[in-house]
Amino acid sequence: MDTVNELVLGIETSCDETGVALVRNGELLADVTATSMDEYARYGGIIPEIASRAHLESFVPTLDAALEKAGVTLADVDAVAATAGPGLVGPLTVGVSAAKALALALGKPFYGVNHIIGHIAVDELVHGDFPEKFVGLVVSGGHSHLLLIKNIVSDVVELGGTLDDAAGEAFDKVGRLLGLPYPGGPHVDRLAKEGDPTAIRFPRGLTSGKNQALHQYDYSFSGLKTAVARHIEGLQQRGEEIPKADIAAGFSEAVADSLVGKAIKACELNDCDTLVIGGGFSANSRLRALAEERAAKRGITVRIPPIRYCTDNGAMIAALGWEMVRNGVDPSPLNITVDTGLEREVTILR
């Protein structure tokens, strides 16, 4: 890894986590996260206004904690990076505004970076430099994307993505159908371990016939979610017991099968021997196991960050910001605005 001693401050506020981290020469010095997730259980989803206020309250304490943990001061910071999109407009604005203010006050460059690509970049802090070419699979509550990456800051192309629900979003909705607490993803994952994944076979979207030909890299989980809902409704109408564990297991298997199958195919079709998986849903145990199993049979290396780096965090943004500095990328102007729908192949906002 090239030596780049600049200290990069990363700020993540795309949804409900306030993340602040510091990276120097590819080494993570500190990563501190404050979350407002517990406030949304009664709503069954994120409330943007509440999230924005939580970021305002949490940012300075989180920043102070990160600086103290790293043993540095703001005067030591050489560049500031923040998530500029995609995400919720209020939370994004809080983080970008704070980053701009710090960069202006310190006289240092500011980088408004892509949250999705950050989920891949964070893996480099754990497993070292990326290969010259690889496939990235980003899966979270709001995103499911397949990326062909030749350079994490300058050559990222979206191969495909979800046409409707993201994988994590589908898990949350099925969790609600099964009467599980919010967020449903972790609860469905735990329940699935108690069930039989072969007891109920749910559909895999866009994996056969014309759909597979037209959408070889795309995902669809809306029909799967509907199939689970209809299955439960049918059992209720017949007065039968609902096998929640088997439903969770069958559903989990369908999602993992779809995600992994297309990711492995993308590696093969694009002559890549490395698959990097990131995002909150990459913490899912079945996805991890199936990816390792199928990749090993084809000689493909799977890289997945530890679970603590899967959910939104400052480390992913500091890592991507550090790559910007390392590659000599021009910083973002201070007059940029946030972009809630930032394109996947756009690494930095200009």
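A residue counts as buried when its relative accessible area is under 20%. Asp312 has 15% relative accessibility, so Asp312 is buried. This structure is a predicted model. In its UniProt record, an unreviewed entry, Asp312 is listed under "binding site" together with His115 and His119.

**The listed site**

**Asp312**

- Asp312 sits in a loop, between strand S10 (301-303) and helix H11 (314-326).
- Its side chain makes a polar contact of 3.3 Å with the side chain of His115.
- Leaving aside residues up to four places away in sequence, Asp312 touches Glu12, Ser14, Cys15, Glu17, Thr33, His115 and His119.

**His119**

- His119 is part of helix H3, which covers residues 115-121.
- Is His119 buried or exposed? Its relative accessible area is 0%, so His119 is buried.
- The side chain of His119 has a polar contact of 3.1 Å with the side chain of His115.
- The side chain of His115 therefore has polar contacts with the side chains of both His119 and Asp312, given that a polar contact is a pair of N or O atoms within 3.5 Å.
- His119 touches Val138, Gly278, Gly279, Gly280, Cys310, Thr311, Asp312 and Met316, again leaving aside residues up to four places away in sequence.

**Aromatic rings**

- How many aromatic pairs does a search of the whole structure find? The search finds 4.
- Tyr219 and Phe221 have ring centres 6.0 Å apart and planes at 10 degrees, so this pair is stacked.
- Tyr219 and Phe221 are both buried.
- Phe171, Phe251 and Phe281 form a cluster linked by ring pairs.

**Glu27**

- Glu27 lies in strand S3, which spans residues 27-35.
- With 48% relative accessibility, Glu27 counts as partly exposed.
- The reason is the cut-offs: buried means under 20%, exposed means over 50%, and partly exposed lies in between.
- Glu27 and Ala105 are 78 residues apart in sequence.
- From C-alpha to C-alpha, Glu27 and Ala105 are 25 Å apart in space.

Conventions: Residues are numbered from 1 along each chain as its sequence is written. This is a predicted model: local features need pLDDT of at least 70, side-chain atom pairs count only at pLDDT 80 or more; totals for chains, interfaces and linings use all residues. Side-chain values use heavy atoms; hydrogens and water are left out. UniProt positions are given in the numbering used here, feature names are shortened, and annotations may be inferred rather than shown by experiment. Helices (H or I, at least four residues) and strands (E, at least two) are DSSP runs, numbered from the N terminus. Buried means under 20% relative accessible area, exposed over 50%, partly exposed in between (1.4 Å probe, protein chains only). Contact means heavy atoms within 4.5 Å. A polar contact is a pair of N or O atoms within 3.5 Å; within protein, one must be able to donate a hydrogen and the other to accept it, and residues adjacent in sequence count only if both atoms are side-chain atoms. Rings of Phe, Tyr and Trp (its six-membered ring) pair if their centres lie within 6.5 Å; planes under 30 degrees apart count as stacked, over 60 as edge-to-face and the rest as tilted.
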